[in-house]
Amino acid sequence: MFTLSLLYLALTIVRPQDFLPALEGIPLLPVVLLLAFAAWMIRAGKNFDAPQFLLLPVFLLVGMVSMVANHWFGGALALLESFGPIVIAFFVFAAACTTPRRVTIAMAVFVLCACVLAQHSIVQAGTGMGWTGVPLGEDGRVRYVGIFNDPNDVGLLFAATLPMAFFLSSGGGFLRRLWWLAAAALLLYGVYLTNSRGAMLAVLVVGGIFVWKRRGMFTAGVLGVLGLVVMRLLSSRMQELDPDESSAFGRVDAWYEGMHMFFSNPLLGVGPGNFTDYNQLTAHNSWVLVLAETGFLGYTLWLAFTTYGFWMMITVMRHQPEAAVESAQAGTWQGERAIAFTLLLSLYGLFSAAFFLSRSYTVVMYLLIALVVGHYMGARQRWPGVPLLRLTDHWMRWLAVSVATIVALYVITTILLIGS
């Protein structure tokens, strides 16, 4: 199951089936996922000690009900066909990655696959054409095939995998450290080539949080300001980072329209994938997109699903084993915490970029959260003292958080519109 899960991850990111003529028409992804799912089904001792295992299927169900409520019965089946495999992949990948070794291997696959895209970006930027046959974008920004045809999606992947590359460089001999540091440098250069403002800001957020934890808030703040200055010098699009700039104004206007879609359909929204039926541009914000398309019910489920990932890694990092256990297995526990911190940084990188993009249903997000859930469940098995997060203990909290974030989104959007 683990090997099939890694193969599915590699095929999802590198996507040879999208550019190799020999693989055209062969359903590689569905077949690999089906085999991995079959292996998971016959596996004994399944563990569902994570709220996401309930939240994600119910979120899919709410999305289907939303389609029916918006008078498109066929849309419910279309959503099941498109998002159902993501739900299956989440279950399988989370179950497969529950040991430190497997989590580390999965991170290595994430990074290596992202490096393939970064190398493609270098070739594309230099020659105007990538080896996949995809040309450089008209705006001079690099892109890939399939779900990574948008430069912003490529940059999001690079920002999310960058912490993993640095983590992998922290252990082993000189050559191993050099290899993974070179991979990190390649990903950073890839972010530059995408010229994605969201990805650049995500890298800045990841670096700021890392420095904050190691050196304190003041140092992180100073380096963050310097980093922003450097990015504005390197990127023409970062120099246009202003609410009055046409692209930014279009995004804010899309947020405003999304809020009104929610107000007109507060419970179930306008239906997943239907945002552009009501507005020319997509939401350009993953939270606004879910809120507009699935209403309060779907938004609360999705918010809990994603935020639990952050909470899980913080829980592992803050846990203090009993003194006797800690002294006997200090190195092992520090390794658990290091993995948790790395995955937490990856989540920050992913969702910092997703705040400016409509990527609420992208498979990469759910595979990363599956890795987070797998590490949390494995940590609880190895260290029973790690607190168990139960949805039944927090459902009132999620309702309150949903209301608070909706109000915050509306206030931010209104202020930006007035300011522009």
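## About the model

This is a predicted model, where local features need pLDDT of at least 70 and side-chain atom pairs count only at pLDDT 80 or more, while totals for chains, interfaces and linings use all residues. Residues are numbered from 1 along each chain as its sequence is written, and side-chain values use heavy atoms, with hydrogens and water left out.

## A nonpolar patch

Helix α16 (residues 391-419) supplies the largest share, 5 residues. Phe 263 sits in helix α10 (residues 246-264).

Phe 263 has a relative accessible area of 42%, so it counts as partly exposed (between buried, under 20%, and exposed, over 50%, with a 1.4 Å probe and protein chains only).

## A positive patch

On the surface, Arg 43, Lys 46, Arg 101 and Arg 102 gather in a patch of positive charge. Patch members have over 30% relative accessible area and no salt bridge; like charges are joined within 9 Å, and nonpolar side chains (Val, Leu, Ile, Met, Phe, Trp, Tyr) within 5 Å. A salt bridge is a side-chain nitrogen of Lys or Arg within 4 Å of a carboxyl oxygen of Asp or Glu. Arg 102 belongs to helix α5 (residues 100-127).

## Val 364

Is Val 364 buried or exposed? With a relative accessible area of 4%, Val 364 is buried. Val 364 lies in helix α15 (residues 363-382), and, leaving aside residues up to four places away in sequence, touches Phe 110, Phe 148 and Leu 157 (contact means heavy atoms within 4.5 Å).

How values were computed:
Helix = DSSP H or I, 4+ residues; strand = E, 2+ residues; numbered from the N terminus. Areas by Shrake-Rupley, 256 points an atom, 1.4 Å probe, with all protein chains shown as cover. Lys, Arg positive; Asp, Glu negative; His and termini not counted. Charge placed at Lys NZ, Arg CZ, Asp CG, Glu CD.
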